[in-house]
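Here is a short briefing for a first look at this structure. Start with the sheet, then move on to the rest.

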Amino acid sequence: MRKIVENKFRALPFLAVAAMLLAVSCASIDCPMNSLVYTQYQLRTPGGAVDTLADTLTISTTRTDGYDSVLINKNVATTEFSLPISYSQPEDVFFIETKDSVLKNSIFDTITVTKEDYPHFESVDCSPAFFHTITGVNCTHNVIDSVVIVNPDVNYDTSQKHFYIYFKHRD
């Protein structure tokens, strides 16, 4: 009888460790806090160096409900910025306003980004997410010289630049 009782107590630590491991493994869900993804833009000079825009920069877009939405409001000394990307439209249109800091003249440009959306599955416990592949970019050329796609894959990685923007020479 004594051996049976001793054997039961020897198994107790193993059962306790197994129960703790099971509880810990099921207790955490690694869902992202925000299921939105952003495109990363960086301003560049024709030589390839990072550029600083001395003018005031405002960027807006038209939402799906038809109302305008200001995404960046009057940034100064801009070298880079992030813009959200939609998951319900095949293209996003951004309206760029640069305002000269001395003469106070505003110049407007438009950037149109075309993309393909695809669902990204994390877990059944997480809200749905969409990642994107950028297929093209067009812009008007009032103050912007060109926009170049650097990395077409848009996901949660915010360290990757997706676009380089080259502004025309400013005096």
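Four strands form an open sheet in the order E4-E1-E10-E8, and their pairing is mixed. The edges belong to E4 and E8 (144-149); each has a single partner strand, so one side of each is left without a neighbour in the sheet. From one strand to the next, the twist averages 25°. The model is a predicted one.

**Overall make-up**

- The protein chain holds one helix and 10 strands.
- Reading from the N terminus, the order of elements is α-β-β-β-β-β-β-β-β-β-β.
- Of the 171 residues in the protein chain, 30% are buried.

**Strand E10 and its partners**

- E10 spans residues 163-167.
- On one side, E10 pairs with E8 in the antiparallel sense, over five bridges.
- Two residue pairs show how these strands line up: Val 148 stands opposite Tyr 164 of E10, and Ile 144 has Phe 167 of E10 as its bridge partner.
- E10 also pairs with E1 (residues 38-44), here in the parallel sense and over four bridges.
- Arg 44 has its bridge partner in E10, namely Tyr 166.

**Burial of E10**

- How many of the five residues of E10 are buried? Five of the five are, so E10 is largely enclosed by the rest of the structure.
- In a regular strand, side chains alternate between the two faces of the sheet.
- Both faces of E10 are covered. Phe 163, Ile 165 and Phe 167 are buried on one side. Tyr 164 and Tyr 166 are buried on the other.

**Salt bridges**

- Side chains of opposite charge can pair when their charged atoms come close.
- A search of the whole structure turns up two salt bridges.
- One joins the side chains of Lys 161 and Glu 80, at 3.4 Å from N to O.
- That pair links distant parts of the chain, 81 residues apart. Lys 161 sits in the loop between strand E9 (153-154) and strand E10, while Glu 80 belongs to strand E4 (residues 80-84).
- Is Glu 80 buried or partly exposed? Glu 80 counts as partly exposed because its relative accessibility is 39%, between the cut-offs of 20% and 50%.
- The other salt bridge is between Lys 115 and Asp 117, whose closest N and O atoms are 3.0 Å apart.
- Lys 115 has a relative accessible area of 6%, which means that Lys 115 is buried, as the cut-off is under 20%.
- Asp 117 has 28% relative accessibility and therefore counts as partly exposed.

**The largest pocket**

- Rolling a probe the size of a water molecule over the atoms shows where empty space is left.
- The largest pocket contains about 380 Å³ of space.
- Strands E2 (56-62), E3 (68-75) and E5 (91-99) are the elements that give two or more residues to its lining.
- Which element supplies the largest share of the lining? E5 does, with five residues.
- In total, 18 residues line the largest pocket. Those nearest its centre are Thr 61, Arg 63, Pro 84, Ile 85 and Ser 86.
- Sorted by class, the lining of the largest pocket has eight nonpolar residues, seven polar ones and three charged ones.

Key: Residues are numbered from 1 along each chain as its sequence is written. This is a predicted model: local features need pLDDT of at least 70, side-chain atom pairs count only at pLDDT 80 or more; totals for chains, interfaces and linings use all residues. Side-chain values use heavy atoms; hydrogens and water are left out. On a 1 Å grid over the protein atoms alone, a cavity is a set of points where a 1.4 Å probe fits but cannot get out, and a pocket is an open set with protein on both sides within 12 Å along at least five of seven lines; lining residues have an atom within 4 Å of a point. Grid points are joined across faces, edges and corners, and a volume is the space filled by probe spheres set on the points. Ala, Val, Leu, Ile, Met, Phe, Trp, Tyr, Cys and Pro count as nonpolar, Asp, Glu, Lys and Arg as charged, and the others, Gly among them, as polar. A salt bridge is a side-chain nitrogen of Lys or Arg within 4 Å of a carboxyl oxygen of Asp or Glu. Buried means under 20% relative accessible area, exposed over 50%, partly exposed in between (1.4 Å probe, protein chains only). Two strands pair if DSSP finds at least two bridges between them. Axes are lines fitted to C-alpha atoms, for helices over the stretch in contact, and angles run from 0 to 180 degrees between N-to-C directions.
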